[in-house]
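Visitor: I would like to go through the helix packing in this entry. Could you take me through it step by step?
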Amino acid sequence: MMDKVNFTQMKDGTKEEYEFLMSHEIDHTKHTAQRLLKALVDLDESLSGYQITRLGHSVQSATRAYRDGADIDWIVSALLHDIGDIYAPYNHDEYAATILRPFVREQCAWVVQTHGDFQMLYYGHHLEGFDKNKRDRHQGHAYFDDNATFCERWDQASFDPEYEDLPLEFFAPMVEEIFARTPYDPAVIRSGERVPLTDDAVAAERAV
Ligand SMILES: [Fe+2]
Ligand SMILES: [Fe+2]
């Protein structure tokens with residue numbers, strides 16, 4: 001049984017070695033969800049100055065999505081939308097979207113990818129060199145309104161230390177489910193399809 005390959009340059013690898021590496025890689029991908037949950041906890045240390053931590057903000061966004069009756073793609077996207085803050089402070093939205101894209105609806109990946117532009121509506125006018133209307137560059141995009149709703153209801157609203165968040169553990173099985181999906185499955189990506197962020201009937205069920 002091989003425990004390591006022999007090659008030092010990729011071009012010298014054998015079929016057996018690449019098959020061995022591929023099986024390792026598949027094993028590794030099975031733990032993506034757990035690694036992401038751990039990274040979210042690391043977010044707790046980032047960005048001081050707000051009334052709540054980045055982890056608190058993430059969990060609050062996901063809690064609001066859940067209580068709005070949103071589906072699992074939306075909830076997990078809300079939970080992870082700022083995970084890029086750790087390593088990519090200047091394009092944290094694109095970073096998060098890159099992680100989510102193989103496993104969630106195209107609509108959700110696009111919203112996460114561009115939420116930074118949409119969020120500027122809420123603070124861009126207070127800062128030199130920022131454009132409050134940066135989202136206007138996406139005018140006419142099929143998911144424009146979804147992003148406006150995402151930011152209004154779940155992102156910009158989720159900095160409240162008094163809000164009753166659900167615990168991160170509540171969302172862990174949803175993260176597991178999303179990252180156990182077949183990557184880039186067309187049945188998951190559902191290109192062009194718009195699912196509303198809110199569902200009053202589901203929200204009412206979850207409220208009891
Ligand atoms: Fe963000
Ligand atoms: Fe955010």
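Visitor: At what angle do helix α3 and α7 pack?
Guide: In this predicted model, helix α3 (residues 54-67) packs against α7 at an angle of about 110°, and their axes are 9 Å apart. An angle of 65 to 115 degrees counts as roughly perpendicular, so α3 is roughly perpendicular to α7.

Visitor: Which residues meet there, in α3 and in α7?
Guide: From α3, Ser-61, Arg-64 and Ala-65 take part; they meet Arg-153, Trp-154 and Asp-155 in α7.

Visitor: And how do the residues of that contact divide by class?
Guide: Three are charged, two are nonpolar and one is polar.

Visitor: Now α6 and α7. At what angle do their axes cross?
Guide: The axes of helix α6 (residues 106-119) and helix α7 (residues 144-155) cross at roughly 70° and come within 9 Å. The two helices are therefore roughly perpendicular to each other.

Visitor: Is the crossing of α6 and α7 left-handed or right-handed?
Guide: The crossing is right-handed.

Visitor: Which residues make the contact?
Guide: On α6 they are Gln-107, Val-111, Thr-114, His-115, Phe-118 and Gln-119. On α7 they are Asp-146, Asn-147, Ala-148, Phe-150, Cys-151 and Asp-155. By class, the contact of α6 with α7 has five polar, five nonpolar and two charged residues.

Visitor: Changing topic, which residues does UniProt list for "domain: HD"?
Guide: The UniProt record, an unreviewed entry, lists residues 54-120 under that name.

Visitor: What is the helix and strand content over residues 54-120?
Guide: That stretch of the chain is 69% helix and 0% strand, and its end C-alpha atoms are 18 Å apart.

Terms used: Residues numbered from 1 in each chain as written. Chains lettered and ligands numbered in written order. Predicted model: local features only at pLDDT ≥ 70, side-chain atom pairs only at ≥ 80, totals over all residues. Axes fitted to C-alpha atoms, helices over the stretch in contact; angles between N-to-C directions. Helix = DSSP H or I, 4+ residues; strand = E, 2+ residues; numbered from the N terminus. Parallel < 35°, antiparallel > 145°, perpendicular 65-115°, else oblique. Left-handed = near helix turned anticlockwise from the far one by under 90°. Contact = placed C-beta atoms within 7 Å. Nonpolar A, V, L, I, M, F, W, Y, C, P; charged D, E, K, R; others polar. UniProt positions renumbered as here; feature names shortened; annotations may be inferred.
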